[in-house]
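User: I have a chain open in my viewer and would like to talk it through with you. Could you take my questions one at a time?

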Amino acid sequence: MNKKELIDYIADNAGLEKKQAAAALDATLKGITESLGRKDKVTLIGFGTFSTSERAERQGKNPQNGKAMTIPAKTVVKFKAGKALGDEVNA
């Protein structure tokens with residue numbers, strides 16, 4: 001499912017126009033993104049939890065030439081599925 005299909009699904013199931021569904025989805029995604037940018041967790045009970053984690057700088061190899069290189073530190077996003085989501089997927 002891509003974003004357009006998700007907007008269509010939201011519109012059909014929530015009784016909204018596609019424009020309203022798109023605005024609701026965009027606002028939801030923006031809220032999650034901004035919270036993660038502040039290093040806050042986003043917990044949607046039954047669905048899952050979005051969080052961030054710091055990945056330290058590390059050494060690696062350039063796959064093109066095999067030379068050692070430094071991979072910079074960065075913040076990564078993690079998602080842990082909630083029990084209800086896991087149960088639904090495995091039903």
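The questions below go from the whole chain to single residues.

User: Before we start, what kind of model is this, and how are its residues numbered?

Analyst: Happy to set that out: side-chain values use heavy atoms, with hydrogens and water left out, and residues are numbered from 1 along each chain as its sequence is written. Local features need pLDDT of at least 70, side-chain atom pairs count only at pLDDT 80 or more, and totals for chains, interfaces and linings use all residues, since this is a predicted model.

User: What radius of gyration does the chain have, beside that of a compact globule of 91 residues?

Analyst: The radius of gyration is taken over C-alpha atoms, and the globule rule is 2.2 Å times the number of residues to the power 0.38. The C-alpha trace spans about 55 × 30 × 30 Å along its principal axes. A compact globule of 91 residues would be near 12 Å, but the chain has 19 Å.

User: How much of the chain counts as buried?

Analyst: Buried means under 20% relative accessible area, exposed over 50%, and partly exposed in between (1.4 Å probe, protein chains only). The accessible surface of the chain, from the Shrake-Rupley method with a 1.4 Å probe, comes to about 7,200 Å², and 55% of that belongs to carbon and sulfur atoms. Of the 91 residues, the share that counts as buried is 18%.

User: How far apart do the centres of the positive and negative side chains lie?

Analyst: Lys and Arg count as positive and Asp and Glu as negative, while His and the chain ends are not counted. Each charge is placed at NZ of Lys, CZ of Arg, CG of Asp or CD of Glu. With 16 positive and 11 negative side chains, the centres of the two sets are separated by 10 Å.

User: What span should helix α2 have, and what separates its end C-alpha atoms?

Analyst: The expected span of a helix is 1.5 Å times one less than its number of residues. Helix α2 covers residues 18-37, so its 20 residues should span 28 Å. That agrees with the model, where the end C-alpha atoms are 28 Å apart.

User: Which elements are among those covering the buried residues of α2?

Analyst: The buried residues of α2 are Ala21, Ala22, Leu25, Ile32, Ser35 and Leu36. An α-helix has 3.6 residues a turn, so residues three or four places apart point the same way. What covers the buried residues of α2 includes α1 (3-14), β1 (42-44), β2 (48-55) and β5 (74-81).

User: Which residues does Ile32 touch, not counting those up to four places away in sequence?

Analyst: Ile32 is in helix α2 and counts as buried because its relative accessible area is 15%. Contact means heavy atoms within 4.5 Å. With residues up to four places away in sequence not counted, Ile32 touches Val42 and Phe50.

User: And which residues does Ser35 touch under that sequence limit?

Analyst: Ser35 also belongs to helix α2, and its relative accessible area of 15% makes it buried. Not counting residues up to four places away in sequence, Ser35 touches Asp40 and Val42.

User: Is Ser51 buried or exposed, and which residues does Ser51 touch?

Analyst: Ser51 lies in strand β2 and, at 17% relative accessibility, counts as buried. Leaving out residues up to four places away in sequence, its contacts are Leu36, Lys41, Val76, Val77 and Lys78.

User: Which residues is Arg55 in contact with, leaving aside neighbours within four places in sequence?

Analyst: Arg55 is in strand β2 and is partly exposed, at 36% relative accessibility. Its C-alpha is 10.0 Å from that of Ile71, 16 residues apart in sequence. Neighbours within four places aside, Arg55 is in contact with Ala73, Lys74 and Val76.

Technical notes
Helix = DSSP H or I, 4+ residues; strand = E, 2+ residues; numbered from the N terminus.
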